[in-house]
Amino acid sequence: MILALHLVALLGYLGAWGVLLRAFRSGGGTLETPGWQIAVAAVLVHAAGLVAFVARFGTLPLVGMGPASSTLALAIAVLGLGAAVRRERRPAMLFVLPVVLGLLGLAALVGLRPVHLDSAFRGPWFVFHVSVVFVGCAGLVLGSAAGAMYVLQFRALKRKSFGSVFRFFPSLDVLERLNRLGLLVGFPGLTLGLLAGWSWTLTYGRGLALRDPQVLFGVVTWLTYLAAIVARFSPRWRGERAALVSAGAFVVSALVFVVLRVLIVGPESVFL
Amino acid sequence: MGLTVVGVNHRTAPIELRERFYVPAADVPAAMERLLLAPDVEECAVLSTCNRTECYVVAAEVGHGERAATVTLAERAGLTPEAAAGHLYVRRNREAALHLFRVAAGLDSMVVGEPQIQGQVEQAYRASRDARPDGVGLVLHRLFQSALAAGGRVRAETAIGEGAASVPAAAVQLVLKVFGTLEGRRAMVIGAGEMGEETLRSLLDRGIDEAVVASRTLARAEEAVARLAHPAVRAVPYLAVADVLRSVDVVLTSTSAPHPIVTADALRASRGTEGRSMVIVDIALPRDVEAGVGDLPGIFLYNIDDLQRVVHATVQAREAEGRAAEVLLGEELDGFWGWLLAREAVPLIRGLREEAERIRRETMEVALEGITDLSPEERERILGASRLVVQRILHAPTVGLRKLAGGAAGAEQLEVARRLFEMNGRGRPARADEEEGTGMGRGEDDGE
């Protein structure tokens with residue numbers, strides 16, 4: 001049941017992305033609305049899948065790679081769709097949905113079973129830590145997506161390339177606002193979440209060393225997005241360069257995650 | 001019943017000829033009068049814009065409607081019907097309906113997807129109805145309403161109207177792609193050319209906060225401001241251009257200067273290291289803005305060729321959307337045409353019911369004659385039962401006839417049904433015509 005709902009949601013996200021891709025290729029049109037609607041339906045199915053997880057295992061899907069990836073994917077999808085309630089922002093789903101698809105695909109692949117069922121991973125402090133980090137990550141993904149789109153639209157306008165990017169992507173102003181919104185939601189969320197995680201680690205007597213992959217990932221992500229925040233709000237760096245740093249921050253974080261996940265951390269790790 | 005459209009448009013006649021066919025609103029009553037005088041014409045409407053003049057006619061025979069519309073248009077243009085026919089197109093029945101659907105959706109326009117035509121079709125319908133309320137009947141009312149609804153659906157469900165299809169619109173689109181909205185933005189027009197004014201007018205329509213016009217002489221700038229007649233526009237002396245450049249977001253240049261009037265060095269000096277966005281649209285020939293200006297940070301520079309490329313890309317995108325629009329129009333047309341054909345079944349159904357009622361009444365009179373011991377209530381119950389029997393028997397044929405009429409071969413199948421029930425085209429028993437020695441029925445079909 002849990003896996004079936006996740007697979008249906010996966011197909012829904014894939015369908016929504018396909019529709020948006022088609023709209024992009026035709027350079028606009030009215031397909032972004034059906035794409036958004038399909039994504040909303042997929043979010044509901046996805047949420048049902050996670051509710052089924054809670055009902056079956058009696059624990060929140062926050063620990064273990066599969067459940068955590070799925071929850072993070074849902075947080076990103078919800079925030080992305082929420083931002084895309086305004087029609088002009090809907091094209092941003094073109095960049096947000098692949099991240100959701102990747103995380104959900106990963107969750108389905110590694111399995112949706114809870115790990116580390118001891119009490120330390122169930123307390124409200126831990127739930128708060130993970131939830132806030134996920135909301136922060138969702139905001140940062142949205143900010144990075146808008147940043148990447150800003151760079152592409154900026155170059156299309158500068159190079160006078162009046163193709164699909166020019167027609168389908170929103171204006172630079174809309175993308176800049178979306179980028180700022182994502183960073184303003186994401187960075188404080190990540191900061192608060194990391195602080196909560198630090199406090200939780202100290203409470204349960206676990207080590208907090210940089211060689212711990214989770215700590216390393218948190219610190220690298222926080223630093224890259226700190227750079228994005230500084231660039232976005234610095235008068236000398238605004239515009240294309242700030243957007244580039246935002247997009248780059250996501251690439252760096254994703255690469256660090258993949259490297260740590262594949263090379264260092266075992267399958268039973270709590271690290272995502 | 002036949003539906004016909006006869007017309008002239010930008011594809012079949014040059015503007016000199018279209019002017020002669022043009023029917024201004026004041027002349028619509030006379031044109032309708034002329035059409036309705038023709039034999040067998042039941043309904044008519046006139047649609048006349050700068051790109052087309054069309055007469056929509058509903059007549060007992062398609063040929064009669066075509067003749068009436070051709071003669072009316074020829075008279076209007078001062079031509080013989082034969083001479084006019086060379087420039088006119090004729091669409092009949094379903095094709096005529098499809099034509100109006102395409103016109104309303106902007107698929108038949110010079111610039112595909114242009115939005116004005118929807119309002120023009122609505123105005124034409126209203127003008128025709130106001131000119132002769134009895135001249136626009138149920139069929140044309142339904143046709144125009146269906147066409148307007150189809151046009152609205154095409155605009156809502158396809159991108160046929162998106163993008164910029166003219167040079168001023170392209171300039172506005174470029175500005176909006178940078179700033180998103182024009183609220184709180186300032187523009188400057190350098191030069192008092194027609195295109196610059198037109199573009200500024202488009203920016204003002206989209207809500208730009210403030211605009212200044214600079215020209216070689218203040219008097220020329222003030223003339224342009226007077227023509228624009230907008231409270232947010234004012235004239236400034238040409239010498240103030242450098243100062244104004246520091247604070248505006250959009251610059252339109254359209255002077256006839258033989259050399260660039262905005263150089264990269266001057267703009268760099270004016271803006272310093274500021275990276276604030278500025279869109280410069282140079283529609284002058286030779287160009288007013290040095291090409292290197294586009295390399296400055298925050299500056300988006302476009303010339304007339306760039307604007308033409310935006311227009312070209314829009315036209316291509318709209319043409320691609322046209323295929324999706326045609327599918328939608330086909331669906332909408334099926335709805336209208338099904339209704340129209342089903343309407344053809346109305347006289348037959350009415351005649352069938354009248355004939356059945358006549359038979360029931362006569363039969364019951366004979367059956368009840370001489371039965372004297374029935375109370376009025378019992379008598380009414382028996383008559384009520386006979387009415388119910390007739391209604392139940394006719395229910396299935398009634399539904400079936402409506403379905404048949406609305407189907408693909410509706411006309412042929414209705415004819416078979418008429419023969420089967422021995423009815424004429426006016427919903428009267430065929431024997432009644434024979435008895436009267438006339439081919440005409442009793443009354444006109446009065447709708448559903």
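Begin by selecting B:Glu415, which is partly exposed at 33% relative accessibility (buried is under 20% relative accessible area, exposed over 50%, partly exposed in between, with a 1.4 Å probe and protein chains only). The model is predicted: local features need pLDDT of at least 70, side-chain atom pairs count only at pLDDT 80 or more, and totals for chains, interfaces and linings use all residues. Residues are numbered from 1 along each chain as its sequence is written, chains are lettered from A and ligands numbered from 1 in the order in which they are written, and side-chain values use heavy atoms, with hydrogens and water left out.

Helices (H or I, at least four residues) and strands (E, at least two) are DSSP runs numbered from the N terminus. B:Arg419 is exposed, at 64% relative accessibility.

Next, select B:Glu210 and B:Arg186, whose side chains meet in a salt bridge (3.1 Å, N to O). B:Glu210 is in strand 6 of chain B and B:Arg186 in strand 5 (residues 186-190) of chain B, so the pair ties together parts 24 residues apart in sequence.

Stay in strand 6 (residues 210-214) of chain B and pick B:Val212. At 1% relative accessibility, B:Val212 is buried. Residues that B:Val212 touches include B:Ala187, B:Val189 and B:Val244, leaving aside those up to four places away in sequence; contact means heavy atoms within 4.5 Å.

Now show A:Arg87 and B:Glu162, a salt bridge with its closest N and O atoms 3.5 Å apart. A:Arg87 lies in the loop between helix 3 and helix 4 of chain A, and B:Glu162 in the loop between helix 7 (138-157) and helix 8 (167-179) of chain B, so the pair joins two chains.

Finish with helix 3 (residues 65-83) and helix 4 (residues 93-110) of chain A, which pack at an angle of about 160°, their axes 8 Å apart. Axes are lines fitted to C-alpha atoms, for helices over the stretch in contact, and angles run from 0 to 180 degrees between N-to-C directions. Helix 3 and helix 4 of chain A are therefore roughly antiparallel (under 35 degrees is roughly parallel, over 145 roughly antiparallel, 65 to 115 roughly perpendicular and the rest oblique).

Notes
Salt bridge = Lys/Arg side-chain N within 4 Å of Asp/Glu carboxyl O.
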